[in-house]
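Biologist: I am new to this structure and would like to learn how to read it, feature by feature. Could you take me through it slowly?

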Amino acid sequence: MGNLMDLNERGVGGTGFARWTMMTRAAVVLALAAMCGSAAQGQMTAATHAGAADGPWWKHAVIYEIYPRSFQDSNGDGVGDLNGITQRMGYLQSLGVDAIWISPMYPSPQVDFGYDISNYVGVDPQYGTLADFDKLVAAGKEHHVRVILDMVLNHTSDKHAWFVESASSRTNPRADWYVWKDPKGFDAQGKPIPPNNWISGFGGSAWEWVPARKQFYYHEFYKQQPDLNWRNPVVEKAAFDAMRFWLDRGVAGFRLDAIPTLFEDPQMRDNPVEKPGLNAQGDPNLSDMYTSNLPEVHDVIRRMRAMADSYPGNRVLIGETYLPNIAELNKWYGGEKQDELQLPMDMQVGFTNKLDVPLLRQRIKDVETQIGKNHPLLVFDNHDNGRSWERYGDGVHNEAIARLIATLLFTSRSTALMYYGEELGMVTSTPTRKEDVQDPIGITGWPKEKGRDGERTPMQWDASVDAGFSTAAKTWLPVAADYKTVNVKVEEGEPNSLLNWHKKLIALRRDNSALRDGSMTMLDESNNSVLSFVRKGPAGSVVTVLNLTGTEQTVSLDVSGSVTTLVTDVPGLMTGVSLKKMVVPAFGSWVGAVK
Ligand code: GLC
């Protein structure tokens, strides 16, 4: 799979899915009658927040990704910041999340909005100071919200002092910290020819010429993001030192950015062409066999895990692991040894982008059964993909579909990862004019690749100016057009809102022992329209039934016992449900206890 194809597959920039005209939210809410949501029914236990005796905290956690530029601006400059996140801790606690993952907030030229780090042990002034960071962690503690940082280890910024030195000569002390290579030769005009055919995930050759060294350096992403040389043990030491700096400050763990791409083929062989034609950036469709997921990476991860485990409190390592199949995913846990990442992300379920029951069932079964004693991490939304609202929505029933997705995420046997605004039904607001685009891949790739701005618009807090995100005349990205009706304040006041749906489910998965720790088994596997499964715990079971089609379905499930509805958006299924014959309307969700 080629680099850019990889990006296309994961839908970076949201070009990989149709955009739909949406029915207004108010209409959808009105169409729903009163919902049942009493999480106080069923087999409730007195279980406390994640971190109870039944395993490490991250096993039951809901982790909430925050894109710091877009969450809350505390100083009116139009860009979100750390103090803004601190101010919103009460909200995060009320939602019930156990941890936040903050996308990079380190000093950075912001070419890739923080994923180009120029100093691993500081805070970018536009986001605040180290003291602000410490305050954020302390506020998190008060609100039972752990803080996870994004660690970008594949590359630094080209403005990082390490790279500046490395690029200055072939003999400086950091000469071997990045991936340098001689040219293949020179063309008729005397221009150096790149060492091989590797292309950047963000378009064009992955090689950039540096006259001072008369060599190329390799960059998997932008040319301002040179790849570190992980074959040099000193690089590993420097990276681990940076991680320790934050672990010492009390972070609960890291999300490891683009972690499969740490190593490249030492022989630097050409990546084979995978399929004919060109990708959205106009490059050939290459496999990434020599630039991604090389076996050497696992040794680094094992050492990293040992380092993280030397700290108390179950610090967690989460991987951004776009991988081809479940067997590859299992390796990232360390397989049976469980000595690598605790939570490599499963990208097979959340980015199928279609409500295809057999496909989703198979992918969920894979991650539930093919990773031994390891624990799944499911995710449907992040800062690199158009929002699930449109990727899964049909343009008419998007809100009901968002409820289905949330129900699947929170009632499955997995750690749950969500993205700010997902709980509100925030839409993807892709720029319509090239001159408005901020994300460089949208500028270079326009109009085929419009970039990732659409899924990074400011959080919608209320109906006031800038949606309560900022007081600036202009925010770094415009607030989405629907903010007056789709925002935290409105949805907090509406019992049937998507926000309250998320709150109910999150509370339920925390308090219900079957959802916390029970096994997970698919039900009625011959049904291609309704996804249903049972979570079995010692004190009873919880059944989830999701009609993923636009037509009413009648299901009959082989589960006996007395049934109590826990959460549903189907008024007729609030009471008196029989699993032997259950009529579920289009896109209806139902979760119930069975004793
Ligand atoms: C990851 C990040 C993405 C970033 C890239 C390069 O895929 O999620 O936002 O552009 O790595 O760091």
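**Reading the model step by step**

Modeller: Let us begin with one residue, keeping in mind that this is a predicted model: tryptophan 501 is buried, with a relative accessible area of 0%.

Biologist: Where is the place of tryptophan 501?

Modeller: Tryptophan 501 belongs to helix H16, which runs over residues 498–511.

Biologist: Which backbone oxygen lies 3.2 Å from a polar atom of the side chain of tryptophan 501?

Modeller: That oxygen belongs to arginine 403.

Biologist: How many of the 14 residues of helix H13 are buried?

Modeller: In H13, which covers residues 398–411, 14 of the 14 residues are buried, so this helix is largely enclosed by the rest of the structure. Its length can be checked as well, since H13 reaches 20 Å from its first C-alpha to its last, close to the 20 Å expected at 1.5 Å a residue.

Biologist: What span should the 13 residues of helix H11 have at 1.5 Å a residue?

Modeller: The 13 residues of H11, residues 357–369, should span 18 Å, and the end C-alpha atoms are 18 Å apart, which agrees. The next step is to look for the residues that are hidden, and in H11 the buried ones are Val357, Leu360, Arg361, Ile364, Val367 and Glu368. Because these residues cover an arc of only 135° around the axis, they are on the same side of H11.

Biologist: What do the buried residues of H11 pack against?

Modeller: Their partners include helix H9 (326–333), helix H10 (347–350) and helix H13 (398–411), together with strand E14 (377–379), strand E16 (519–523) and strand E17 (530–537). The end of a helix deserves a look too: aspartate 356 caps the N-terminal end of H11, with a side-chain oxygen 3.1 Å from the backbone nitrogen of leucine 359.

Biologist: Which residues of helix H5 are buried, and which are exposed on the other side?

Modeller: In H5 the buried residues are Asp132, Phe133, Leu136, Val137, Ala139 and Gly140. They cover an arc of only 160° around the axis, and therefore lie on the same side of H5, whereas Lys141 and Glu142 are exposed on the other side. The buried residues of H5 pack against helix H3 (82–87), helix H4 (89–95), strand E2 (99–102), strand E3 (146–152) and helix H7 (233–248).

Biologist: Where should I look for a positive phi?

Modeller: One case is histidine 144, which follows H5 and has a positive phi near 60°. Two further cases are found in the loop between E2 and H5, one at glutamine 110 and one at phenylalanine 113. Glutamine 110 has a positive phi of about 65° although it is not a glycine, and phenylalanine 113, likewise not a glycine, has a positive phi of about 45°.

Biologist: Are glutamine 110 and phenylalanine 113 buried or exposed?

Modeller: Glutamine 110 is buried, with a relative accessible area of 10%, and phenylalanine 113 is buried as well, with a relative accessible area of 6%.

Biologist: Which peptide bond is cis, with omega near 0°?

Modeller: The bond from tryptophan 446 to proline 447 is cis, and proline 447 sits in the loop between helix H14 (440–445) and helix H15 (488–492).

Biologist: What does glycine 253 touch, if residues up to four places away in sequence are not counted?

Modeller: Glycine 253, in strand E9 (residues 253–257), touches Val147, Ile148, Leu149 and Val316. Glycine 253 is buried, with a relative accessible area of 0%.

Biologist: How many residues does the contact between the domains take from each of them?

Modeller: The domain assignment gives domain 1 (37–154 + 237–273 + 286–505) and domain 2 (518–594). The contact takes 26 residues from domain 1 and 34 residues from domain 2. The area buried between domain 1 and domain 2 is about 2,400 Å², with carbon and sulfur atoms giving 68% of that area. Taken over C-alpha atoms, the centres of domain 1 and domain 2 are separated by 29 Å.

Key
Residues numbered from 1 in each chain as written. Predicted model: local features only at pLDDT ≥ 70, side-chain atom pairs only at ≥ 80, totals over all residues. Heavy atoms only, no water. Helix = DSSP H or I, 4+ residues; strand = E, 2+ residues; numbered from the N terminus. Expected span 1.5 Å × (residues − 1). Buried < 20%, exposed > 50% of the residue type's maximum accessible area, 1.4 Å probe, protein only. Arc of directions from axis to C-beta. Contact = heavy atoms within 4.5 Å. Polar contact = N/O pair within 3.5 Å; in protein donor to acceptor, adjacent residues only side chain to side chain. Domains from an automatic or database assignment. Buried area = accessible area lost by both parts, 1.4 Å probe.
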